[in-house]
Amino acid sequence: MVQILPTVGLVLSVASLISATPMPKAKGKTTTTASATAIATKTTGCTFTSASAAKAGKTSCTTIVLDGIAVEAGVTLDLTGLTSGTSVIFQGETTWAYEEWSGPLFSVSGENIKVSGASGHSLNGNGAKWWDGKGSNGGVTKPKFFYAHDLTGTSTISGLNILNYPVQCFSINGASGLTISDVTIDNSAAGSLGHNTDAFDVGSSTNVVISGATVKNQDDCLAINSGTGITFTGGSCSGGHGLSIGSVGGRTDNDVSDVTISSSSVSDSANGIRIKTVSGATGSVKGVTFKDIKLSGITSYGIVIEQDYENGSPTGTPTNGVPITDLTVSGVTGTVEAGATNIYILCAACSGWTWTGVSVTGGKTSSKCTGIPTGASC
């Protein structure tokens with residue numbers, strides 16, 4: 001169902017899947033019909049209560065309320081190709097039924113799009129139906145959660161409450177000028193059964209800002225695989241693999257530049273901050289800054305920078321195809337567990353680093369570091 005509120009006199013046709021009823025507080029003349037036609041305009045507010053209605057009517061409205069939608073199995077809640085300037089508001093609880101498929105469960109695209117949540121809303125991926133400890137690497141086929149692809153202009157995603165997604169939460173790709181703020185991502189219920197539950201995967205995007213995120217998951221809090229002008233700030237990450245650049249290499253776009261990750265905390269995680277480039281691949285990592293990052297309860301590495309990455313099994317021998325240059329690590333402080341390693345650097349092509357105010361303690365000092373640039377230390 002969809003509720004439509006006309007605010008100007010322009011009349012458009014809406015697909016026959018939509019029926020219309022007047023929204024509360026309507027001004028002006030409202031037409032109600034159960035037929036195939038509804039009065040709508042590009043300044044109309046629409047409330048959708050099903051995924052099919054939202055897909056059919058999405059371009060008729062510039063304010064879209066998604067009200068407690070229970071999305072059917074194997075269906076994407078599809079808000080791609082929205083009219084420029086559209087606002088999307090999640091209301092109530094949005095849920096997804098179980099099916100083995102790759103997803104995504106939700107997808108949105110367009111220019112100057114605003115996505116937000118009403119008070120008390122949630123996006124519940126029902127991940128327990130899929131969690132099996134194997135993530136994307138095996139077991140049942142699991143859908144990715146939220147595609148923020150091709151969001152351009154000054155698009156924003158703000159104040160969302162997300163929980164229990166099957167695998168990777170935000171896939172940010174082909175975005176330009178996107179700001180994501182004050183998002184809460186809670187996948188803690190997955191425990192040891194959660195795998196590949198990255199919170200934010202960023203690729204082939206420019207001028208993206210992620211601020212004020214609260215993340216509880218089992219994999220990377222942030223993973224930037226390619227892109228330029230990316231900022232992550234004011235974040236709180238726990239339970240996962242930390243704040244990552246990479247892995248870089250082996251894709252169609254293998255360059256990361258002008259990235260700032262700042263004023264954030266990483267707790268009870270495998271790693272604090274890390275850069276990983278793929279063994280034998282080509283690309284570049286340049287102009288990355290980690291600044292004012294607080295670490296606690298880290299179980300593997302406080303800081304890890306390695307040029308030998310292979311999924312799950314680093315080779316131990318760095319390669320030089322993805323140089324790491326103009327790196328700044330400043331004010332990264334905190335503690336790791338006794339069995340963890342404070343800092344590990346494995347480089348074949350690293351240069352021009354700035355390393356100041358770094359203090360990571362509580363664990364072991366690595367004897368296997370190599371290729372350490374001047375100024376840095378293990």
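Are Cys221 and Cys237 buried or exposed? Hold that one for a moment, and keep in mind that we're looking at a predicted model.

Okay, so today is about disulfides. A disulfide is a covalent bond between the sulfur atoms of two cysteines. If you search this whole structure, you find 4 of them. Count the bonded cysteines along the protein chain, and the pairing goes 1-2, 3-4, 5-6, 7-8.

Let's go back to my opening pair. Cys221 and Cys237 are both buried. They form a disulfide, with the sulfur atoms sitting 2.2 Å apart. The torsion about that S-S bond is -60°, and the link is left-handed. Now look at where the two ends sit: Cys221 is in strand 21, residues 220-224, and Cys237 is in strand 23, residues 236-238, so this bond ties together parts that are 16 residues apart in sequence.

Next up, Cys46 and Cys61. Their sulfurs are 1.8 Å apart, and they form a disulfide too. Why do we call it left-handed? Because the torsion about the S-S bond is about -75°. Cys46 belongs to strand 3 (residues 45-48), while Cys61 is in the loop between helix 1 (51-57) and strand 4 (63-67), so here the tied parts are 15 residues apart in sequence. Both of these cysteines are buried.

Then there's Cys369 with Cys378, joined by a disulfide at 1.9 Å from S to S. That link is left-handed as well, with -95° about the S-S bond. Cys378 is partly exposed, though, at 23% relative accessible area.

Methods:
Residues are numbered from 1 along each chain as its sequence is written. This is a predicted model: local features need pLDDT of at least 70, side-chain atom pairs count only at pLDDT 80 or more; totals for chains, interfaces and linings use all residues. Side-chain values use heavy atoms; hydrogens and water are left out. A disulfide is a pair of cysteine sulfur atoms within 2.5 Å. Helices (H or I, at least four residues) and strands (E, at least two) are DSSP runs, numbered from the N terminus. Buried means under 20% relative accessible area, exposed over 50%, partly exposed in between (1.4 Å probe, protein chains only).
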